[in-house]
Amino acid sequence: MGNAPTTYDPRPRTTDSDIAASSTPRAAPDVSHDASSDASSDASSDASSDASSDASSDASSSATHGSEHSAGHSTADPLTERSVKTWSAGDYDRIAAGFRQEAEAFIARLDLTPGEHVLDAACGSGNLTIPAARAGARVTGFDLIPGMLAAAAAWAGREGLDIAFDQGSAEELPYIDESFDVVTSMFGVMFAARPERVAAELERVTRRGGRLALATWPRDGFIGQMLARHMAYVTSTSPAPSPLLWGDERVIRERLDERDWRVAVARRMLTFHYPYTPAGTARLFCTSYGPTVRLMESLDETQRARFTSDLADHWSSRQRGRADETIVDAEYVEVIATRR
């Protein structure tokens, strides 16, 4: 259970000028905990994976969120350590705040029944966890990063919601078989380095007749394209498969075997909304989104300026907001699978 800081506020907290003043990336905290098998993101040598480039290839980490963890093992796993460094950098909640409306809609479509047992795997700062609890479900939020669990717990505390929070790896969930009626993950478990293990664990903890609900980024969508821009600046690669394969229907159906699941896949759109210009939103990602923070740390001053400009161009390319805000629509893949 995360210790919730009483001053935590889930909304974006700074202005464009504040972001500009902090545009030099800070060092990622060196977090060490009992995390064993995980790997949220580094995942992939594939150019549209992601980019964090921590002296190695934190590079395919990515997109608005993904984090995982360990179930209390002491054996160090390089992929887990890289994930911890990546997702502990910056302030992911400021990114997640930009698409909370779609997270609420995602939960609403599940039409949860009060009392259902729900696991939000790689829950981040609580975008799905909180609305699931508001619906009356008995919710457990699960993540690799203590700071994200603390943020989610603080949010739950402010709303008076009774939610359990556990730390561990999505590749080794610390729950007995068929523990949950519904398992969810929004841009979370897709970043684990070992997707076969994750798929097996998601199946194991979902009861027969229960549902698995995933939101993932496709390669050809706005975020997939943003991650490709990251990869253009990365010199090393990761052995893990691209997280964006979780946005490919063929791969989804391979990982969620039809003998075990009835799978429905749909394309949906979410809207990012940030109270900054597109250039300000690019700076927000450079200082708050873990994979981007880690990439920025690996670049020299000239490269950082060029990358930040490229990122601002990308956000400007879909901009439909006023001059002082960024509103961008982004495609994602919704997976609803019922366990046989």
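Author: A salt bridge is a side-chain nitrogen of Lys or Arg within 4 Å of a carboxyl oxygen of Asp or Glu. In this predicted model, a search of the whole structure finds 24 salt bridges.

Reader: What makes R134 and E159 a salt bridge?

Author: Their closest N and O atoms lie 2.7 Å apart, and the cut-off is 4 Å, so the pair qualifies. The pair links distant parts of the chain, with R134 in helix 5 and E159 in helix 6, 25 residues apart.

Reader: Why is R134 called partly exposed?

Author: R134 has a relative accessible area of 41%. Buried means under 20% and exposed over 50%, so a value in between is called partly exposed. E159, at 35%, is likewise partly exposed.

Reader: How do you know whether E334 is buried or exposed?

Author: The relative accessible area of E334 is 7%. The limit for buried is under 20%, therefore E334 is buried. Its salt-bridge partner R268 has 31% and is partly exposed.

Reader: What makes R268 and E334 a salt bridge?

Author: The closest N and O atoms of R268 and E334 are 2.9 Å apart, which is within 4 Å, so the term applies.

Reader: Why are R320 and D329 said to meet in a salt bridge?

Author: The N to O distance between the side chains of R320 and D329 is 3.0 Å; the criterion is within 4 Å, so this pair also meets it. D329 is partly exposed, with a relative accessible area of 24%.

Reader: Which residues are linked in a network of salt bridges?

Author: The network joins D77, E171, R194 and R197.

Note on methods: Residues are numbered from 1 along each chain as its sequence is written. This is a predicted model: local features need pLDDT of at least 70, side-chain atom pairs count only at pLDDT 80 or more; totals for chains, interfaces and linings use all residues. Side-chain values use heavy atoms; hydrogens and water are left out. Helices (H or I, at least four residues) and strands (E, at least two) are DSSP runs, numbered from the N terminus. Buried means under 20% relative accessible area, exposed over 50%, partly exposed in between (1.4 Å probe, protein chains only).
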